[in-house]
Amino acid sequence: MSIRRISQRAKDEKTRKLLSRIIRVDQAGELGADRIYAGQIAVLGNTPVGPIIQEMKEQEQEHLETFNKLIVEKRVRPTALLPLWNIAGFALGAGTALLGKEGAMACTVAVESVIGEHYNSQIRDLMEDDPEKHKELIKKLSKFRDDELHHHDTGLEHDAEKAPMYDALSQVIKVGCIGAIWLSERI
Amino acid sequence: MSTSTGDRNPPQDTSSGPGGSASSQTSNGGYNTQRTGQGAQYSDELDNSEDLVSEVEEEEMPEETEEEYQTKQAVLKASLPFVHQYGWTKKAIVAGAESLGMPSMVHGMFPRGGAELVFYFYEESNKELESFLKQKVTELKEKDEKIKTGPFIHDAIETRLRMIIPYIDKWPQAMAIQTLPQNAVQSWTNLSRVVDDIWFYAGDKSNDFNWYTKRGSLAAVYKSTEIYLIQDRSEDYTDTWNFLENRLEDVVSAGHLARNLQETNTVLSEGAKGFCVMVSQVPTIPKPTEPNRNDK
């Protein structure tokens with residue numbers, strides 16, 4: 001085995017690519033989550049569960065604004081699939097809400113669990129790269145991850161598991177989210 | 001679109017071997033983070049703990065070191081004056097290397113041949129453009145003036161295209177080299193860098209799909225003006241700068257057209273809705289009563 005020293009130039013390039021990827025996919029994710037909740041509110045807005053979804057949507061909106069600012073600040077290219085996630089998110093939210101309140105909550109639980117894991121792996125990557133340099137961002141991501149897990153628990157509290165075909169529905173949504181994350185990181 | 005397109009790019013590594021550069025994504029979806037205990041042991045011995053040390057397998061192609069990079073840059077810089085004589089080719093690189101006292105075998109460091117010279121020139125010009133843009137922004141800030149997007153972009157493109165003029169005799173060859181499929185990705189990246197820098201320093205703050213439409217339209221303007229430039233015979237290329245101005249105006253009017261269409265669409269759909277409401281009320285209009293013919 002041979003040892004090569006990577007130049008500082010290449011190291012900076014690696015960090016820049018890591019940051020771009022993280023911020024790009026997080027912006028797409030928060031937009032998607034915001035639109036999912038919007039779809040759910042369109043169907044369930046007038047029901048007792050409406051205000052709860054509204055509160056979660058407002059938190060997602062805060063997250064989205066943070067990432068919108070970071071995109072401009074760090075000169076990151078936003079994903080070209082934003083219009084697609086806009087429509088798909090709303091459709092997913094409205095579609096699961098039509099299955100009733102339990103369906104909407106099941107969708108929330110599935111999405112938030114994927115997002116929570118995803119934030120965790122991003123925090124790990126940032127810590128591995130340079131914990132000092134990324135301190136601010138790591139703090140923000142940790143807070144957002146805690147918010148998302150809180151949403152996840154809220155969904156469970158409101159009978160997510162009573163949704164029709166809960167296991168299948170949950171699996172399909174999780175796989176879809178993971179696919180969307182993979183795509184947004186690259187495109 | 002490749003992953004590096006559109007993001008700000010420092011000059012690309014030009015030594016991509018069979019394994020690709022280590023800064024590309026590994027198949028586990030993460031990054032090459034093999035900082036094992038063994039690596040730490042070696043780094044102590046080599047006494048360079050600031051440098052990042054990574055173990056590489058025999059099969060993986062290591063990234064070029066800083067020394068290699070500097071050498072290549074020096075050779076390419078020395079080769080540029082020979083472009084007028086030999087074109088953007090390996091011959092020019094050999095001539096440049098020999099002018100620095102290096103053996104002609106050095107051209108082996110440049111597997112893509114003349115294309116490497118084209119990319120070097122493009123990237124150096126991009127760096128020059130960026131410092132010009134930075135300086136302009138600083139000047140405007142000192143005078144406390146706002147950036148006027150139209151003239152700013154016009155100046156930026158004109159400045160960047162003027163850098164080609166010293167090599168304009170051989171630039172058509174450079175453009176042809178850039179259209180070759182094996183060079184297409186790098187050329188696209190270079191062009192993206194130009195338009196991204198121009199928009200960024202012009203003050204673009206878009207964070208949605210507008211990011212793409214703005215850069216796409218500017219890239220089209222830049223490319224078409226470049227093509228016009230290489231056949232322009234006017235004094236100081238004034239025809240080219242007029243062409244540029246017209247293309248920029250087209251972009252602006254296209255933006256207005258899009259907005260007008262949207263407004264027209266709103267007006268029309270509101271009108272259609274109103275019409276439907278009106279038509280739905282027709283059945284409620286009472287029929288006019290007939291005069292009683294039996295009244296006499």
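The text below covers the record annotations, the surface patches and the salt bridges in turn.

The model is predicted.

**Annotated positions**

In chain A, an unreviewed UniProt entry places the feature "binding site" at Glu30(A), Glu60(A), His63(A) and Glu148(A). These positions are spread over 119 residues of sequence, yet they cluster in space, with a largest C-alpha distance of 10.3 Å. One of them, Glu30(A), lies in helix α1 (residues 8-44) of chain A. Glu30(A) counts as buried because its relative accessible area is 1%, and the limit for buried is under 20%.

An unreviewed UniProt entry puts "domain: Ubiquinone biosynthesis protein COQ9 HTH" at residues 68-98 of chain B. Over residues 68-98 of chain B, the chain is 81% helix and 0% strand, and the end C-alpha atoms lie 17 Å apart. "Domain: COQ9 C-terminal" is listed by UniProt, again in an unreviewed entry, at residues 186-253 of chain B. There the chain is 78% helix and 0% strand, and the end C-alpha atoms are 31 Å apart.

Chain B as a whole has ten helices and one strand. Its elements run α-β-α-α-α-α-α-α-α-α-α from the N terminus. Of the 296 residues in chain B, 39% are buried.

**Surface patches of chain A**

A patch of negative charge on the surface gathers Glu55(A), Glu58(A), Glu62(A) and Glu65(A). Glu58(A) is placed in helix α2 (residues 50-73) of chain A and is partly exposed, at a relative accessible area of 43%.

A positive surface patch is formed by Lys69(A), Lys74(A), Lys133(A), Lys135(A), Lys139(A) and Lys140(A). Helix α5 (residues 135-157) of chain A supplies the largest share of the positive patch, three residues. Lys135(A) is found in helix α5 of chain A. With a relative accessible area of 52%, Lys135(A) is exposed.

Trp182(A), Leu183(A) and Ile187(A) make a nonpolar surface patch of about 270 Å². Trp182(A) belongs to helix α6 (residues 166-186) of chain A.

**Salt bridges**

Side chains of opposite charge can pair when their charged atoms come close. Over all chains, the whole structure holds 24 salt bridges. The table gives three of these pairs.

| Salt bridge | Closest N and O atoms |
|---|---|
| Arg21(A) and Glu185(A) | 3.7 Å |
| Glu116(B) and Arg112(B) | 3.8 Å |

Arg21(A), in helix α1 of chain A, and Glu185(A), in helix α6 of chain A, are 164 residues apart, and the pair links distant parts of the chain. Arg21(A) is buried, with a relative accessible area of 6%. Glu185(A) also counts as buried, at 14% relative accessibility.

What is the relative accessibility of Glu116(B)? It is 1%, so Glu116(B) counts as buried. Its partner in the salt bridge, Arg112(B), counts as partly exposed at 30% relative accessibility.

Arg193(B) lies in helix α8 (residues 181-202) of chain B and Glu130(B) in helix α5 (residues 114-142) of chain B, so the pair ties together parts that are 63 residues apart in sequence. Arg193(B) and Glu130(B) are both buried. They also belong to a network of salt bridges that links Arg75(A), Glu130(B), Arg193(B), Asp196(B), Asp197(B), Asp204(B), Lys214(B) and Arg215(B).

Conventions
Residues numbered from 1 in each chain as written. Chains lettered and ligands numbered in written order. Predicted model: local features only at pLDDT ≥ 70, side-chain atom pairs only at ≥ 80, totals over all residues. Heavy atoms only, no water. Patch = residues over 30% accessible without salt bridge, like charges linked within 9 Å, V, L, I, M, F, W, Y side chains within 5 Å. Areas by Shrake-Rupley, 256 points an atom, 1.4 Å probe, with all protein chains shown as cover. Salt bridge = Lys/Arg side-chain N within 4 Å of Asp/Glu carboxyl O. Lys, Arg positive; Asp, Glu negative; His and termini not counted. Charge placed at Lys NZ, Arg CZ, Asp CG, Glu CD. Helix = DSSP H or I, 4+ residues; strand = E, 2+ residues; numbered from the N terminus. Buried < 20%, exposed > 50% of the residue type's maximum accessible area, 1.4 Å probe, protein only. UniProt positions renumbered as here; feature names shortened; annotations may be inferred.
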